[in-house]
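Please read these points with the model open beside you. They go from the contact between the chains to single residues, and then to confidence.

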Amino acid sequence: MLDLLLEPFLLPFVQRGLVEVLVLSVGAGLLGTWIVLRGLAFYSHAVGTAAFPGLVLADGLGFAAPLGAFATAMLFAGALERLSRQRRSGYDSLTALVLVGMLVVGIILASDVFGSGANIDTLLFGSLLAIGPGDPIFATAASALTLIASFLFGRTWLATGFDAYAVRSLGFRSAVPDAALLLLIALVATAALSAVGALLATALFIVPAATARLWSRRLLPWQIVSIALVAVEGTIGLWLSVESNAPPGATIAMLSGGVFAITFFLRRLSGTRVWESD
Amino acid sequence: MMMSPELLLLTGGVGSRFWQVLFEPWTQGIMQHALTEVALLGLVGGALGCWIVLYELSYSAESLAHALFPGLVIAALSGLPLMLGAGLGITVAAVAIALFGQVPGIGRDTAVAVIVSTLFGLGVVLALSPASPPGLQGLLFGDILGVSDLDLILAMGLVAVTLISLRLLHPQLLTVGFDRSTARSIGGNPRRADVALLVLLALATLVAVQGLGSLLVVAVLVGPAATARLLARRLTPMMVVATLLSFLAGIGGLYLSYYAGIAAGASVAGAIVALYLIVLGGSKIRGLDRRRNPLRANPRLPETVRTLPPVDAP
């Protein structure tokens, strides 16, 4: 019985996918808690999706796709930071506008300059079952940086998450840590591209962290549960996708969403007043 | 012999050639359809877009289109009309976002991420199952130049429903939008306002995404309203300005698409972003000082008040 269950993991390409998702789980789970705490869900979705023109350029000019994706993600983050500093429009409107701008450039590059096709689709959707040799190394680096940055800046990130204005009066400097957080999200989102693709990166980042948030009130347990949840959901999702022949990213997204829904209704049944808003 | 439009402009007697370049695109049925669709969506973008911007619903506007996927696939598999399935799917998503967004510690943007990625994942898995008819993905990514008569009728219905609902909801939306935390004490209901706005947004996405594609939907719903916010301080003028800006970007974008041969959706979306940047740049040059300290701008105040050092806003 157990042999049958574990059989897919004997295949080398499934093993590579498993290593990738386990390595990524540390960065994605940890960063997910910061994203939920700081309300950066739209930014993290957009910074991954904004990689589109970078992928087109990498495909057209023939350099490494993660490089192009990361470069455009940085460009996106920089443009957003520059525009939001003027405080003239809401952060979310600006995120949408910059994202639209990047996608327009991507579409024009893809259809009128390079005439690129199916390659881009694969990259936008990603696949854990087609992991290249460089991907786990990139994911390891991204996860390690996330761990280090969480140790260094965690207290400031947490304090800013509660009260951005009081932080300065408490003597924390929040400009550098904030920039580090946005940079880190761009990095991990790029690392997740090849695994689950741009449209479903949020499934790996945000859904497990949101699920874990329903159980935990303190930061450290929340982070540990979140990392564990990414790893478990990633592993089971990968197994399911091999068995059912469905794309792994979509399977993981569906599975994580189901776990969130079940957790939510369990919490509600157990009498926790989750609806009570502040 | 065909001449490029630039050449026509430069060489010919400017008069008739100019008018020819100006009117030539609109002699074609396909461009007339596109223009009507862009104008109709502009009306929605002007009115609904302002609320989207003020309620900070851009993430929902960007992502809801992906959430109609599973409804679409289920309708296709069970032989129901596609629009019905997609409509049910996207409405469920909108209501779920409004409700989950109220959970403390989760927040609305996180709720959007959870619900949209789950439904999109479900849709992809269902669409790739062997029983699904092929070509479903095409339904998600519309083409502005392929707008049909049915699409136009649907879009007109959408405009009517949206404008009437917004007119009826106006006091409620204003009360909640002004101050969410105290709205309840003066008869506002934040949850009801959120659900109403998100359902209207879902409806707009559903109708518009077929003709225009998801990129243009978010561009039209967020861009002109954000631009209008730079120019207007009161809500009604902001809505009028946003509508005019959508028309301007729509017409400009279609010209660009016709003469430069760029995909129509991309060029209209590009025109919308360009318009925002131009207005932002222009308003910075014109009124930087006045914005930073509104007291300075009021000539009726005594000189001593007007020359006070600027106060840093919190």
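1. Start with one term. Two residues are in contact if their C-beta atoms, placed from the backbone, lie within 7 Å. Keep in mind that this is a predicted model.

2. Now apply the term to A:Val100. Set aside its neighbours within four places in sequence. A:Val100 is then in contact with B:Leu215, B:Val218, B:Ala219, B:Gly223, B:Ala269 and B:Val273. A:Val100 also belongs to the largest nonpolar core, which has 189 residues. It is one of those that touch the most other members, a group that also includes A:Ile185, B:Ile115 and B:Val222.

3. Step back to the whole interface. On one side are 43 residues of chain B, and they are in contact with 44 residues of chain A. Four helices of chain B each supply at least two residues of the side that touches chain A: H4 (58–67), H7 (108–127), H10 (214–231) and H12 (264–292). H7(B) gives the largest share, twelve residues. By type, the residues on this side of chain B are 28 nonpolar, eleven polar and four charged. The predictor gives the complex an ipTM of 0.85 and a pTM of 0.83.

4. Look next at A:Gly90. It is found in the loop between helix H5 (65–84) and helix H6 (91–114) of chain A. A:Gly90 has 19 C-beta neighbours inside 10 Å, so it counts as partly exposed. Beyond four places in sequence, A:Gly90 is in contact with B:Val53 and B:Glu56.

5. Compare B:Leu119, which has its place in helix H7 of chain B. B:Leu119 counts as buried because 26 other C-beta atoms lie within 10 Å. Which residues does B:Leu119 contact, leaving aside its neighbours within four places in sequence? They are B:Ala67, B:Phe69, B:Pro70 and B:Ala93. B:Gly89 is 30 residues apart from B:Leu119 along the chain, yet their C-alpha atoms are separated by 8.8 Å.

6. Check the fold of chain B. It has 14 helices and zero strands. Of its 314 residues, 45% count as buried. Take the contacts in chain B with a separation of 6 or more: residues 24 or more positions apart account for 68% of them.

7. Helix H12 of chain A covers residues 219–244, which is 26 residues. From first C-alpha to last, H12(A) reaches 36 Å, close to the 38 Å expected at 1.5 Å a residue. Just after H12(A) comes A:Asn245, with a positive phi of about 65°.

8. Finish with confidence in chain B. The mean pLDDT of chain B is 77, and 79% of its residues reach 70 or more. Where in chain B is confidence lowest, and where is it highest? The lowest is in helix H14 (residues 303–306), at a mean of 46, and the highest is in helix H11 (residues 235–260), at 90. In two stretches of chain B, pLDDT stays under 50. Over residues 289–293 it does so, and the model has five contacts there beyond four places in sequence.

Note on methods. Residues numbered from 1 in each chain as written. Chains lettered and ligands numbered in written order. Predicted model: local features only at pLDDT ≥ 70, side-chain atom pairs only at ≥ 80, totals over all residues. Nonpolar A, V, L, I, M, F, W, Y, C, P; charged D, E, K, R; others polar. Core = buried A, V, L, I, M, F, W, Y, C linked by C-beta atoms within 7 Å. Buried ≥ 20, exposed ≤ 12 C-beta atoms within 10 Å, placed from the backbone. Expected span 1.5 Å × (residues − 1). pLDDT = per-residue confidence, 0-100.
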